[in-house]
Amino acid sequence: MAQQAYMTETDGDGGSGPERQRARLRRLVGDLAARLSAGWRGDPRIWRRGLVLAALALLFSLVMLVHSRIPNRFGNLGSLTETFLPWIGLFIPLLLVLALVRRSATALIAVVLPAVVWLNLFGGLLSEKTGGGGDLTVATHNVNADNPDPSGTARDVAASGADVVALEELTASAVPVYEKALATTYRYHSVQGTVGLWSKYPLSGVKPVDIKLGWTRAMRATAATPEGDVAFYVAHLPSVRVKLQAGFTARQRDKSADALGEAIADERIDQVVLLGDLNGTMNDRSLNAVTSQMRSTQGAAGHGFGFSWPASFPMARIDQIMVKGVEPVTSWTLPQTTSDHLPVAARVKVATTDS
């Protein structure tokens, strides 16, 4: 009898091992669904409960839909919202759980709206867009003026295999360290103010770019790649601050972004790559002078959001690789160094120059 009972139990579970575990999981899910359904059936308050949750869901939807209309007159609130816009998605599953706990049909239906809006805005970033091929690998890294190990940081970036590397926030004392550490890999380089460009290919036309700061934090150079000349811009736009009284202070950053956009628009070479710390995301309207004429390699050929700052817990992609007249193939973030930013890299296809 004991043996017969044992056999009956295992057979009822659909066998042994993984099949039995799956059967138990299905029963648990089924029981939970039945209990929830039983608790909701015949409850006339399911439509009256959760009105606050429904209002929050509609509010989040509205913020995402009309973020470009949120004014910057008050503490640059619009730019602040756009910088962290993707993170609104974290509230959607929270609202869903609260709606289930409250047993609110109204809230459950309302949560669908922000979910659809968020997926429409950012769902494409979650898909795999990386490809193969390409003929030029580039990288950029804000190395942090207070970096305790500039030599190690330089070696880490060089290990990425990039053909061209841009570094930002260089100090006078650290420049010789970076030059020494990168000399073996990169034969050509130029440092202009606090930004620098290291290349495996000859550089010409090197000059600082005036971004209305009073000192040099941007440069351009032409790299003679095997596929043709490419104009490289390196920029470190002014930092922004979030202050209780002043809000999102970014006036100088915005002014510099406009100047950088003008310089890129005047570029005579068709193939252009911008590398740098722009202290802003692709969603930030204040960078429109730049973003309106260039493509983000992460947005076009990356996987995920590619957040780069802060390195300890990345929340925004403010380190950018943008291209014009060049086709992005793949884009990614590199492993953390001793900087407070993550380095980012991309592989692109350069159009062959007609002879």
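## Helix α3 and its partners

Helices α3 and α5 are roughly antiparallel to each other, because their packing angle of about 165° lies over the 145 degree cut-off. This is a predicted model. Helix α3 spans residues 51-65 and helix α5 residues 91-102. Their axes are 10 Å apart. The crossing of α3 and α5 is left-handed.

On the α3 side, the contact uses Leu53, Leu56, Ala57 and Phe60. They meet Phe91, Leu95, Leu98, Ala99 and Arg102 of α5. Eight residues of this α3–α5 contact are nonpolar, none is polar and one is charged.

## α3 against α6

Helix α6 covers residues 105-126. It packs on α3 at an angle of about 15°, with the axes 8 Å apart. An angle under 35 degrees counts as roughly parallel, so α3 and α6 are roughly parallel to each other. Here too the crossing is left-handed.

From α3, the contact draws on Leu51, Leu53, Ala54, Ala57, Leu58, Ser61, Met64 and Leu65. From α6 come Thr106, Ala107, Ala110, Val111, Leu113, Pro114, Val117, Trp118 and Leu121. The α3–α6 contact divides into 15 nonpolar residues, two polar and no charged.

Leu53 and Ala57 of α3 take part in the contact with α5 and in the contact with α6.

## The whole chain

The protein chain has 355 residues, and 46% of them count as buried. It holds 11 helices and 14 strands. Of the contacts between residues at least 6 apart in sequence, 67% join residues at least 24 apart.

The chain exposes about 17900 Å². Carbon and sulfur atoms supply 58% of that area.

Key:
Residues are numbered from 1 along each chain as its sequence is written. This is a predicted model: local features need pLDDT of at least 70, side-chain atom pairs count only at pLDDT 80 or more; totals for chains, interfaces and linings use all residues. Side-chain values use heavy atoms; hydrogens and water are left out. Helices (H or I, at least four residues) and strands (E, at least two) are DSSP runs, numbered from the N terminus. Buried means under 20% relative accessible area, exposed over 50%, partly exposed in between (1.4 Å probe, protein chains only). Contact means heavy atoms within 4.5 Å. Accessible areas come from the Shrake-Rupley method with a 1.4 Å probe; for residues, only the protein chains shown count as cover. Axes are lines fitted to C-alpha atoms, for helices over the stretch in contact, and angles run from 0 to 180 degrees between N-to-C directions. Angles under 35 degrees count as roughly parallel, over 145 as roughly antiparallel, 65 to 115 as roughly perpendicular and the rest as oblique. A crossing is left-handed if the near helix is turned anticlockwise from the far one by less than a right angle, and right-handed if clockwise. Ala, Val, Leu, Ile, Met, Phe, Trp, Tyr, Cys and Pro count as nonpolar, Asp, Glu, Lys and Arg as charged, and the others, Gly among them, as polar.
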